[in-house]
Amino acid sequence: MDAISYQRAADIGSALSAAGQPGTMFIGGGTNLLDLMKGGVMRPVRLVDITHIDALDGITALPDGGLRLGALVRNSDAANHAWVRERYPLLSQALLSGASAQLRNMATVGGNLMQRTRCSYFYDPGFPQCNKRAPGSGCAAIDGMNRMHAILGASRQCIATNPSDMSVALAALDAVVRVTGPNGERTIPFAEFHRLPGDRPDLDTTLQAGELITSVDLPPPLFADHSKYLKVRDRASYAFALVSVAAALQMDGNTVKSARIALGGVAHKPWRANATEQALAGKSLDKSTLQTAAALAVQGAAPQRDNAFKIALAQRAIVRALQQAGGVA
Ligand SMILES: Cc1cc2nc3c(=O)[nH]c(=O)nc-3n(C[C@H](O)[C@H](O)[C@H](O)COP(=O)(O)OP(=O)(O)OC[C@H]3O[C@@H](n4cnc5c(N)ncnc54)[C@H](O)[C@@H]3O)c2cc1C
Ligand code: SF4
């Protein structure tokens with residue numbers, strides 16, 4: 001058994017100084033990190049519990065009309081907050097589609113952003129080949145079971161997907177991640193927070209060593225009247241997405257003024273469908289327009305042995321989500 005030291009941080013300063021020591025990790029709700037530690041996938045030598053830092057908690061209105069979600073806000077509290085439900089129903093739906101009520105009561109905003117892939121080879125150290133867990137060891141999924149894996153943006157090093165539902169909605173909403181660390185505070189646009197695997201699949205995000213997520217900022221709400229989070233999965237609850245779609249529209253009568261679309265379950269990061277968004281601007285939501293636009297989202301898709309079905313599934317899910325967001329379904 002490995003020895004682990006535990007420290008409860010009272011404030012951000014003490015959390016950051018503790019994080020400067022090698023082998024240290026922050027722990028939020030613990031719903032992902034503890035599982036990974038129990039399985040021997042991650043082996044921190046020191047845990048810094050951040051759940052008693054008041055400055056990381058709470059949901060506050062921003063002067064520009066946006067909303068700040070503290071990194072410690074529990075997923076259930078974020079999903080059920082009146083402002084989130086009214087102004088960002090897309091985010092509320094995405095959160096409520098994830099995990100179970102018990103897990104959402106524990107899971108934090110910061111931890112949800114940082115959760116690791118659900119690739120089963122990553123979770124099982126019995127498989128020596130996993131570049132994400134053991135850089136340079138290979139990728140067991142490429143010639144193995146890869147039904148859940150990526151069809152877009154993958155590399156020969158890793159074909160894993162990001163499992164977070166919340167992150168797909170945040171990508172569509174153009175949220176901003178606020179962090180603080182040894183070099184001070186900085187903000188990271190959501191599109192730049194998660195990474196594609198390239199030749200460093202061990203790195204899921206652009207967070208630097210020792211940096212702490214302090215909050216996620218949502219821009220002023222533009223899509224409250226027309227949005228939909230659609231998650232397609234093997235079971236109706238308690239399952240990760242095969243494909244998910246966060247669709248948000250600004251409508252001018254029957255015409256799309258602007259569209260935001262992000263996909264989950266298809267790539268190593270939430271995947272913004274920029275070409276689809278552009279193809280919808282100025283158009284109505286008739287089925288052939290939607291199908292043409294949805295096809296653009298999967299251009300360049302490179303499926304694995306078991307997951308070519310995701311190409312058609314993603315397109316149908318995009319069409320359905322947009323119809324429901326636009327109230328034409
Ligand atoms: C059975 C099961 C089913 C699930 N189903 C879904 C699902 O369908 N959809 C979905 O989206 N998720 C699902 N999840 C995952 C769940 O959402 C995550 O486990 C949870 O969001 C992680 O949050 P946490 O606070 O518990 O993180 P922790 O486990 O505490 O931490 C996770 C990681 O985040 C880091 N971290 C935490 N807070 C910070 C911070 N402020 N700054 C920097 N780093 C930080 C930790 O160091 C660690 O690396 C499921 C989990 C389980 C166990
Ligand atoms: S897909 Fe990524 S996480 Fe899964 S086995 Fe390959 S390298 Fe590891």
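On a 1 Å grid over the protein atoms alone, a cavity is a set of points where a 1.4 Å probe fits but cannot get out, and a molecule sits in a cavity if more than half of its atoms lie within 2 Å of its grid points. In this predicted model, local features need pLDDT of at least 70, side-chain atom pairs count only at pLDDT 80 or more, and totals for chains, interfaces and linings use all residues. Residues are numbered from 1 along each chain as its sequence is written, ligands are numbered from 1 in the order in which they are written, and side-chain values use heavy atoms, with hydrogens and water left out.

**Ligand 2**
- Ligand 2 sits in the largest cavity.
- Around ligand 2 there are 14 residues, each with a heavy atom within 4 Å of the molecule, and the closest are Cys119, Cys130, Cys139, Cys158 and Ile159.

**Salt bridges**
- The count comes to 13 salt bridges, a salt bridge being a side-chain nitrogen of Lys or Arg within 4 Å of a carboxyl oxygen of Asp or Glu.
- Another salt bridge links Asp174 and Arg260, whose closest N and O atoms are 3.5 Å apart; Asp174 is partly exposed at 33%, whereas Arg260 counts as buried at 18%.
- Arg178 and Glu185 also meet in a salt bridge, at 3.9 Å from N to O, with Glu185 exposed at 63% relative accessibility.

Notes:
On a 1 Å grid over the protein atoms alone, a cavity is a set of points where a 1.4 Å probe fits but cannot get out, and a pocket is an open set with protein on both sides within 12 Å along at least five of seven lines; lining residues have an atom within 4 Å of a point. Buried means under 20% relative accessible area, exposed over 50%, partly exposed in between (1.4 Å probe, protein chains only).
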